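The sequence and structure come before the explanation.

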Amino acid sequence: MDKAELERLFPALRESSFRITSPPAGEYNCIAWAAAETGRWWWPAQGYHWPESIPKEPTLTAFRQMYESLGFRECSSPDRDDGFEKVAVFTGPAGTPTHAARQLPNGRWTSKLGREDDIEHDLSALEGSWYGRVALLLRRSSEGSP
Amino acid sequence: MTMIAGLPTCFAGINSEYIARPDECEGVTIGAGEDARKVSQSFRAALQDFFLPASREITSRRAVFMHLASEWKRDTAVLSSVHAIALHPAYQRIIGMGREALPWILEELSHRPDHWFWALTSITGVDPVPPNDRGNLQRMAGAWLKWGRGQGFTD
């Protein structure tokens, strides 16, 4: 998917700088990518990867618990905090999770767009009709503990 | 009535088992020669092939499947939610095609692993993917293709 098509789907990308950082890959999704995994598609649905101990339901609570099981804890700011890595979970109008992004050491965010590319972007640039809005921010120590 | 060699001759209708039934041609010479029989059979076969072409019907249904699959892929390309991907109307219509769609889905899966698993399980009622392979699309596709070969859907 080229930049023009991405800008068509996510108009806010036009107002900010973003770059494609990998070619399309269907092996993993944004939820896995935010957890720094590229081998599986994570989703709380029958047949897909989801931690055994977390409710297999597409709710913000389940997503919070899933990332907490990886050492993340809820936080309030999307700004970069030294020594921490952050994840943002987006939800649609009904409150159902749609997307997750991971903060990079430079303070910008990285997202895997469905089966399509990875991009580096401003967090708010993906808000809109496809992913809704950022509903949850979490962070963990860059060394892996909360 | 057709005149052949100066005699009134009656040819069969296409639904007749015979070249002509005697009661259809009472008082006339019946055209019941071998050539007439072949012509009638060929005409009947051609007519049936035109109106009820099984091969053309399958091609058409497959074209519908391909159209729906293309629409589904386009509209769900940037989605992560398996629920949203599977609830897309085109995907639901493919599920509605039932077992007829299985060979086409498996063929798609053989070209490129994609989220056909929900549809496959919905249609067949089984899930051959081992628990450890869940989420690994390559392995999930492999499990389904193996299942398909075992069921005779693919070579």
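The model is predicted. In it, 22 residues of chain B are in contact with 26 residues of chain A. The two chains bury about 2000 Å² between them, and 55% of that area is on carbon and sulfur atoms. On the side of chain B, B:Val78, B:Ser80 and B:Arg134 supply 33% of the area buried against chain A, more than any other three residues.

The rule finds one salt bridge across the interface of chain B and chain A. This bridge joins the side chains of B:Asp114 and A:Arg115, with N to O at 2.7 Å. The elements of chain B that give two or more residues to the side touching chain A are α2 (54–75), α3 (82–86) and α7 (137–150). Sorted by class, that side of chain B has nine nonpolar, seven polar and six charged residues.

The aromatic residues come next. Over all chains, the structure holds 14 aromatic pairs. In one of them, A:Tyr48 and B:Phe117, the ring centres are 6.4 Å apart and the planes stand at 65°, so the pair counts as edge-to-face; the cut-off for that class is over 60 degrees. This pair crosses between chains: A:Tyr48 lies in the loop between α2 (30–34) and α3 (60–68) of chain A, and B:Phe117 lies in helix α6 (residues 117–124) of chain B.

Are these two residues buried or exposed? A:Tyr48 has 2% relative accessibility and therefore counts as buried. B:Phe117 is buried as well, because its relative accessible area is 4%. The cut-off for buried is under 20% relative accessible area.

A further pair lies within chain A. The rings of A:Tyr67 and A:Phe72 have centres 5.9 Å apart and planes at 85°, so this pair is edge-to-face. Both A:Tyr67 and A:Phe72 are buried.

In chain B, which residues do ring pairs link into a cluster? The cluster consists of B:Phe65, B:Trp72, B:Tyr91, B:Trp104 and B:Trp116.

Conventions
Residues numbered from 1 in each chain as written. Chains lettered and ligands numbered in written order. Predicted model: local features only at pLDDT ≥ 70, side-chain atom pairs only at ≥ 80, totals over all residues. Heavy atoms only, no water. Contact = heavy atoms within 4.5 Å. Buried area = accessible area lost by both parts, 1.4 Å probe. Salt bridge = Lys/Arg side-chain N within 4 Å of Asp/Glu carboxyl O. Helix = DSSP H or I, 4+ residues; strand = E, 2+ residues; numbered from the N terminus. Nonpolar A, V, L, I, M, F, W, Y, C, P; charged D, E, K, R; others polar. Phe/Tyr/Trp six-rings, centres within 6.5 Å; stacked < 30°, edge-to-face > 60°. Buried < 20%, exposed > 50% of the residue type's maximum accessible area, 1.4 Å probe, protein only.
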